[in-house]
Amino acid sequence: MKTNLKQENEGALIGQGRSGKVYRIQEDGKDLAVKVFSGVDSLTDLVNYVLTGAPNAYGWNEDAVKSAHLRREILEQLLFYWFGSKVRIAKSFGDAWHEPEKSFKISTEFVTGRPAKLHHPFSGKCDWELGDLTRNVMKPLQQKLADSGFDGLVWQAGKGNPIALNNFLLGEDKTWIWIDAESGVPALFPLNPLSLLGYYLPKSFRYKRALFDDVDVPKLKSYVVERREDLVELLSEDGFILLLERIKKLDKHQKAWKALGRVQKSINYQLIKEKITREEAEFYSEHKVQWIKKELLRLSKRAFVKLFVKLPVKLYRWLSSIRYLKLIKDSVRFLFNGDYRKQSVDALLKQRITDWEKRGQLSRKSADFLREQADRELASPYLSDFIILIGLKPLMNVVELFVLPALFAAGLINEAVLVLGVALGGIIYRTLYTLGRMIYERLVLPADKRHPRWIALFVGMIPTFGNLAYPTQMVYAASSKSLELSEFLMYDISTRIGAKIPIWGGKDTLTEHFFNHLPDVVIRNRKAFKKRKLMKIRRKQAAALS
């Protein structure tokens, strides 16, 4: 059962993940990051409930949260042994009960650091960070954790788990700091299927449960004893004895945590959250079939309410909040009013630049440089085309989600047209727009006033990445004098795709960084193309002079 511990007044919310919320507080002159293991994601709670019998154990099981604290203390010593000063874990100061959210919490040092920088036209001095973190920290760490018995911790160290990248911050002294070592869900959902089949499933079968921050304590103790001489030299004799004591305590608390059956976990969770009384908990512990019936009924009612009451209400409110007439009016105004379009272009560009600056990904100097380029480039036809397509996207979403289904319901289009319209709507409107612009300039403008759009046409036919059509065209345009701006737009769009990928995506994840680097292919090819073109011109000049 929980222990009544001193309740602190939590400070500013600085982070939120699958396993809980993180607050920054001042206590006894120390800056702390307090992680409260309260449910912040109903899907995560559901996954944990299905696989383990209850939501995340750190929030309601005292032995589980004490195991988390002890693992950090053990890893604090072992990381120094493995990596010296290059890698460390945020120091844990202990666990306690958080009465406002009726959950346990863990207090760690507040780390002043930042995630690995994204790639962009001005990131040259920081481009080493991602490779250093993945190759020199995370991969070796995964191997050392597995070798020493921390089988479940490889998930938080990033094995097949792209989200784990944001568990590490770069300190001011260029030290990598592991700030989050507690999982939110069992390690059964890696992006890499080889990790699932080759590591996580075999380990789960061995432990006879879904792998969740499990430590093979006998293996860990054997690992430490075998390296006693080196560890004593590094940590001192007292430090080594302390390490063994921490391992012994971890063994005790982990056994108590993991020994609970799934039905008992469910009962204990409801008890600790004060949803049932102690008398009820004792009764259901003796009559587990009755508890299973009760839980199935409760979950069925909850699912019914969410699916047939809350979801329709939420959908209705969202649809009602859309100002359809204003959306159509603004779209028409955007298309036919040049001044309004320029204002919209300027606002959108500068907002994206500001967003990167606020994330700390752009310096003030680089952001100001891009804003100046944006001011000079507002008259660019490619930039105008790009913003028009972005401006039309909400209108096209309305067509795909409402107009096409309505036409199908009225019998005016068949299933094939409906499916193609919804699946390929973005490609269709980008292609039609670009072809229209090309035909218009061909018929109306003299040859020297036309702007080639072949690259934009073909890139626009790629699903999702078609939004890069005109920034890509800008990069390849010989007349473009704002390469940094066009390159930034490419990185921005591609990076946003990675941040929106469900489950494995998000900000500062390996998924976001993967998409962030995709424009490199185009930009490198463009530079090679320009170099070949320049060499060709020089050869012609040399031939003419000879």
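This is a predicted model: local features need pLDDT of at least 70, side-chain atom pairs count only at pLDDT 80 or more; totals for chains, interfaces and linings use all residues.
Figure 1. E7 and strand E8 (residues 168–171) run antiparallel and are joined by 2 bridges. Within this pair, Gly 113 stands opposite Gly 171 in E8.

**Figure 2. An open sheet of 5 strands with antiparallel pairing.** The strand order in this sheet is E1-E2-E3-E6-E5. E1 and E5 stand at the edges with a single partner strand each, so one side of each has no neighbour in the sheet. On average, neighbouring strands of this sheet are turned by 30° against each other, direction ignored. Helix H2 lies across E5 and strand E6 (103–109), and runs at about 165° to E5. In a regular strand, side chains alternate between the two faces of the sheet.

**Figure 3. Two hairpins, E1 to E2 and E2 to E3.** Where do the chain turns fall in this part of the sheet? A hairpin of 4 residues joins E1 to E2, and E2 and E3 form a hairpin with 2 residues between them. Strand E1 (residues 12–16) pairs with strand E2 (residues 21–27) in the antiparallel sense, over 4 bridges. Ala 12 has Arg 24 in E2 as its bridge partner. E2 and strand E3 (residues 30–36) also run antiparallel, and 7 bridges join them. Arg 24 has a bridge partner in E3 as well, namely Ala 33. In the turn between E2 and E3, Asp 28 has a positive phi of about 55°.

Figure 4. Ser 92 is found in strand E5. Is this residue buried or exposed? Its relative accessible area is 5%, and a residue under 20% counts as buried, so Ser 92 is buried. Leaving aside residues up to four places away in sequence, Ser 92 touches His 69, Arg 72, Glu 73, Ile 106, Ser 107 and Thr 108. Ser 92 and Arg 71 are 21 residues apart in sequence, and their C-alpha atoms are 9.3 Å apart in space.

Figure 5. Helix H3 (residues 128–148) has 21 residues. How far does H3 reach from its first C-alpha to its last? The distance is 29 Å, close to the 30 Å expected at 1.5 Å a residue. The helix has a bend of about 25° at Thr 134. Gly 149 follows H3, and the phi of Gly 149 is positive, near 105°.

**Figure 6. Helix H8 and what covers it.** Helix H8 (residues 262–272) is mostly covered, with 9 of its 11 residues buried. The buried residues of H8 are Val 263, Gln 264, Lys 265, Ser 266, Ile 267, Tyr 269, Gln 270, Leu 271 and Ile 272. Which elements cover these buried residues? The cover includes helix H1 (42–52), strand E5 (92–98), helix H9 (278–286) and helix H10 (288–321). After H8 comes Glu 274, which has a positive phi near 60°.

**Figure 7. The chain as a setting for the close-up views.** The secondary structure of the chain comes to 20 helices and 9 strands. Along its principal axes, the C-alpha trace spans about 85 × 70 × 45 Å. The chain has 546 residues, and 47% of them are buried. Of the contacts between residues at least 6 apart in sequence, 65% join residues at least 24 apart. The chain has an accessible surface of about 28,900 Å², and 60% of this surface belongs to carbon and sulfur atoms.

Key: Residues are numbered from 1 along each chain as its sequence is written. Side-chain values use heavy atoms; hydrogens and water are left out. Two strands pair if DSSP finds at least two bridges between them. Buried means under 20% relative accessible area, exposed over 50%, partly exposed in between (1.4 Å probe, protein chains only). Contact means heavy atoms within 4.5 Å. The expected span of a helix is 1.5 Å times one less than its number of residues. The bend at a residue is the angle between axes fitted to the seven residues ending there and the seven starting there. Accessible areas come from the Shrake-Rupley method with a 1.4 Å probe; for residues, only the protein chains shown count as cover. Axes are lines fitted to C-alpha atoms, for helices over the stretch in contact, and angles run from 0 to 180 degrees between N-to-C directions.
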